[in-house]
Amino acid sequence: MATAGKVIKCKAAVAWAPGKPLSVEEVEVAPPKAGEVRIKIVATGICHSDDHVLKGSLPNVEFPVILGHEGAGIVESIGAGVTSVKPGDKVIPLCLPQCGECSYCRNPESNYCQKFHFSEPQNLLPDKTSRFTCKGKQIHHFVWVSTFSEYTVVPEYAVAKIDAAAPLDKVCLFGCGFSTGYGAAINTAKVKPGSTCAVFGLGGVGLSAVMGCKAAGAARIIAVDINKDKFAKAKELGATDCINPRDFKKPIQEVITEMTGQGVDYSFEAIGHRDTMIAALASCNMNTGVSVMIGVTDSEITIDPTLLLTGRTWKGTMFGGWKSRECIPKLVASYLEKKFNFDLLITHTLPFAKVNEGFELLRAGKSIRSVLLF
Ligand code: COD
Ligand code: ZN
């Protein structure tokens with residue numbers, strides 16, 4: 001291949017500092033070292049977590065950085081020792097790696113990998129260097145994947161090879177939004193048929209949780225958002241009731257408890273706010289209720305301990321509980337077999353140069369997922 005072993009110059013969106021718009025620049029992407037894979041990104045979604053980073057509210061990220069973690073692409077070249085993918089393979093870079101060696105990777109009950117950002121920052125590749133430079137400056141990676149670059153370099157154990165027939169402009173959503181929300185219902189909560197659920201936040205992640213509750217056979221799915229424009233899509237995807245906390249004088253947890261008698265069996269928080277995390281917890285029934293926190297907040301939470309004392313379970317989820325390298329290819333195969341369809345989540349498709357417009361649409365509540373195409 002003509003580019004293998006060479007530095008590639010390409011387009012990327014650089015976040016030079018928190019709070020500033022992204023800057024589309026020409027960057028240099030060094031070839032992959034041993035154990036690494038260089039990927040030509042074809043499509044990438046914009047997730048609210050990228051915006052959280054720009055606001056400075058995700059831990060351990062270092063600027064300047066190339067964000068983006070919901071991408072799909074084609075392997076351009078591989079470093080020494082890489083055996084699981086080859087140039088030309090379609091792949092999804094994985095923000096949650098699966099090293100296969102740490103104690104969690106070896107535990108069949110767990111999907112967390114100790115190489116993930118919450119254990120060791122993923123701002124540089126494992127050898128503690130970056131493959132990105134721009135205007136002579138080193139640019140940091142973001143959770144290793146940095147999909148807002150036409151080419152990116154990722155460790156082999158953070159890459160999933162997928163079916164050659166997969167449409168990259170759709171399956172990029174497996175990189176975060178769909179996998180996270182759908183898996184929160186299926187794997188983390190283990191929603192049972194006939195149960196009642198409440199999903200707080202109807203973005204790409206929350207709507208995927210609605211889809212997961214429906215697929216698991218929930219009888220009632222209460223969708224909660226302050227933006228009523230999200231309700232039509234929530235209903236299309238399986239919500240039975242849609243409620244706006246601003247339409248009620250009393251706290252939304254009281255409304256949900258009255259609607260269901262005791263509170264729901266399962267609740268999900270897909271917003272990333274302290275108050276909605278507590279409201280979601282209090283919305284599930286006091287004894288067997290399970291509440292799953294999907295969002296991340298940078299503020300601490302104080303709760304009345306009796307919320308848990310009576311038996312409720314409060315859980316978090318990372319990447320929807322999927323062991324990433326192992327499960328993503330299977331999920332892509334199920335998508336190709338039309339076992340589920342999340343295409344409705346993609347509300348906008350934009351050329352990569354319009355990345356800031358994509359963020360504006362997200363902030364204004366006008367998009368679910370914008371997919372950027374290189
Ligand atoms: N009450 C009800 N709904 C609200 C409220 C509120 N007080 N505030 C906002 N909302 C709604 C918004 O109107 C919007 O519809 C929805 O909540 C949020 O949707 P999006 O599209 O902005 O966000 P997503 O779906 O792209 O992302 C949600 C996350 C929870 C994943 C994200 O915000 C987050 O916390 N990310 C960090 C967690 C993480 O790292 N997850 C794994 C990989 S991203
Ligand atoms: Zn995300």
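Aspartate 225 counts as buried because its relative accessibility is 12%, where buried means under 20% relative accessible area, exposed over 50% and partly exposed anything in between (1.4 Å probe, protein chains only). The model is predicted, so local features need pLDDT of at least 70 and side-chain atom pairs count only at pLDDT 80 or more, while totals for chains, interfaces and linings use all residues. As for bookkeeping, residues are numbered from 1 along each chain as its sequence is written, chains are lettered from A and ligands numbered from 1 in the order in which they are written, and side-chain values use heavy atoms, with hydrogens and water left out.

**View 1. Aspartate 225 beside ligand 1.** This residue is found in the loop between strand S11 (220–224) and helix H6 (231–237); helices (H or I, at least four residues) and strands (E, at least two) are DSSP runs numbered from the N terminus. A polar side-chain atom of aspartate 225 sits 2.7 Å from an oxygen atom of ligand 1. For the fold around it, check leucine 202: it is 23 residues from aspartate 225 along the chain, yet their C-alpha atoms are separated by 6.2 Å.

**View 2. The shell around ligand 1.** There are 25 residues around ligand 1, and His48, Ser49, His52, Asp225 and Arg369 come nearest; a residue is near a molecule or strand if one of its heavy atoms lies within 4 Å of it. An N or O atom in the side chain of histidine 52 is 2.8 Å from an oxygen atom of ligand 1, and a polar backbone atom of glycine 204 is 3.2 Å from an oxygen atom of the ligand. On its own, ligand 1 has 900 Å² of accessible area, and the protein covers 89% of that (Shrake-Rupley method with a 1.4 Å probe; for residues, only the protein chains shown count as cover). Helices H1 and H5 (204–215) each supply at least two shell residues, and H1 gives the largest share, three residues. Sorted by class, the shell has ten nonpolar, twelve polar and three charged residues. Here Ala, Val, Leu, Ile, Met, Phe, Trp, Tyr, Cys and Pro count as nonpolar, Asp, Glu, Lys and Arg as charged, and the others, Gly among them, as polar.

**View 3. The zinc ion (ligand 2) and its protein donors.** Cys47 (SG), His69 (NE2) and Cys176 (SG) are the protein donors, lying 2.0 to 2.3 Å from the zinc ion. Donors are N, O and S atoms within 2.8 Å of the metal (3.2 Å for Na, K and Ca), and water is not among the atoms, so sites may look incomplete. The four donor atoms make angles of 88 to 122°, which makes the site tetrahedral. That label needs four donors with all angles between 85 and 135 degrees; four count as square planar and six as octahedral if opposite donors are over 155 degrees apart and all others between 65 and 115, and anything else is irregular. Along the chain the spacing reads C-x21-H-x106-C. Cysteine 47 lies in the loop between strand S3 (36–45) and helix H1 (48–54), and cysteine 176 in the loop between helix H3 (168–171) and helix H4 (177–189), so the pair ties together parts 129 residues apart in sequence. Both cysteine 47 and cysteine 176 are buried.

View 4. Most residues other than glycine have a negative phi, and most peptide bonds are trans. Going from phenylalanine 63 to proline 64, though, the peptide bond is cis, with omega near -10°; proline 64 is found in the loop between H1 and strand S4 (71–78). Valine 143 has a positive phi of about 35° and is buried, with a relative accessible area of 6%. Phenylalanine 319 also shows a positive phi, near 55°, and its place is in the loop between strand S15 (313–316) and helix H10 (324–336).

View 5. Serine 149, in the loop between strand S7 (137–139) and strand S8 (151–155), reaches the backbone oxygen of tyrosine 151 with its side chain at 2.6 Å. Aspartate 304 is partly exposed at 44% relative accessible area, and its side chain contacts that of threonine 306 (2.7 Å).

Methods: Polar contact = N/O pair within 3.5 Å; in protein donor to acceptor, adjacent residues only side chain to side chain.
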